Amino acid sequence: MNNKKNNKILISACLLGSKVRYDGKDNLIDSPLIQRLRDEGRLVPVCPEIEGGLSTPRAPAEIQDKFPLRITNIDDEDVTPQFLSGAEKTLEIALREGCCCALMKSRSPSCGNHEVYDGHFNNTIKPGSGVTADELMRKGFPVYNERQLDQLTEFMALQDR
């Protein structure tokens, strides 16, 4: 039988206020749902880019190609290995902590689940997903972003039955 306290959610650390974004800032979301889940001890914060060995602050990075995967920062340095390592470590954390889903930062080259920046560093969005979101979804984890809190609420209600 499911105990709702066991249904943990992997969450991008920046969404909880950790200053781990490329520019040293956060993406804190002020939401009663997030506060309740935090109070219940159900959130597992992670920053895949930090897990992969990148520092804060760091040059912004975008996905250049998916096949084969190539991610570069704005200075044209290849950061693909760090993104892949971060994705692997994040998946290990999700599995170890028994997470049932993930709430990740939209548009991120790591965490974006539906759209990412197009690789030209001009704020243009294209359909696609980030490296970590891809890895989580491949392993069966539903991945939501901060614009999908209603869908996350519905999913958690089903999990908590």
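Here's a quick tour, from the overall fold to the cores.

This is a predicted model, so to speak of local features we need pLDDT of at least 70, and side-chain atom pairs count only at pLDDT 80 or more, while totals for chains, interfaces and linings use all residues. Residues are numbered from 1 along each chain as its sequence is written, and side-chain values use heavy atoms, leaving out hydrogens and water.

**Overall fold**
- The protein chain has 5 helices and 8 strands, counted as DSSP runs (helices are H or I, at least four residues; strands are E, at least two) and numbered from the N terminus.
- Along the sequence they run β-α-β-α-β-β-α-β-β-β-α-β-α.
- The radius of gyration is 15 Å, close to the 15 Å that the globule rule gives for 161 residues, so the chain is as compact as a globular protein of that length; the radius is taken over C-alpha atoms, and the rule is 2.2 Å times the number of residues to the power 0.38.

**Inside the chain**
- Buried residues make up 48% of the 161, where buried means under 20% relative accessible area with a 1.4 Å probe, protein chains only.
- The largest nonpolar core has 21 residues; such a core is a set of buried Ala, Val, Leu, Ile, Met, Phe, Trp, Tyr and Cys residues joined through side-chain atoms within 4.5 Å.
- β1 (8-12), α1 (32-39), β5 (99-104) and α5 (149-159) each supply at least two residues of this core, and α5 gives the most, with 4 residues.
- A second, separate core of 14 residues includes V44, M104, A133 and F141.

Technical notes:
Buried < 20%, exposed > 50% of the residue type's maximum accessible area, 1.4 Å probe, protein only.
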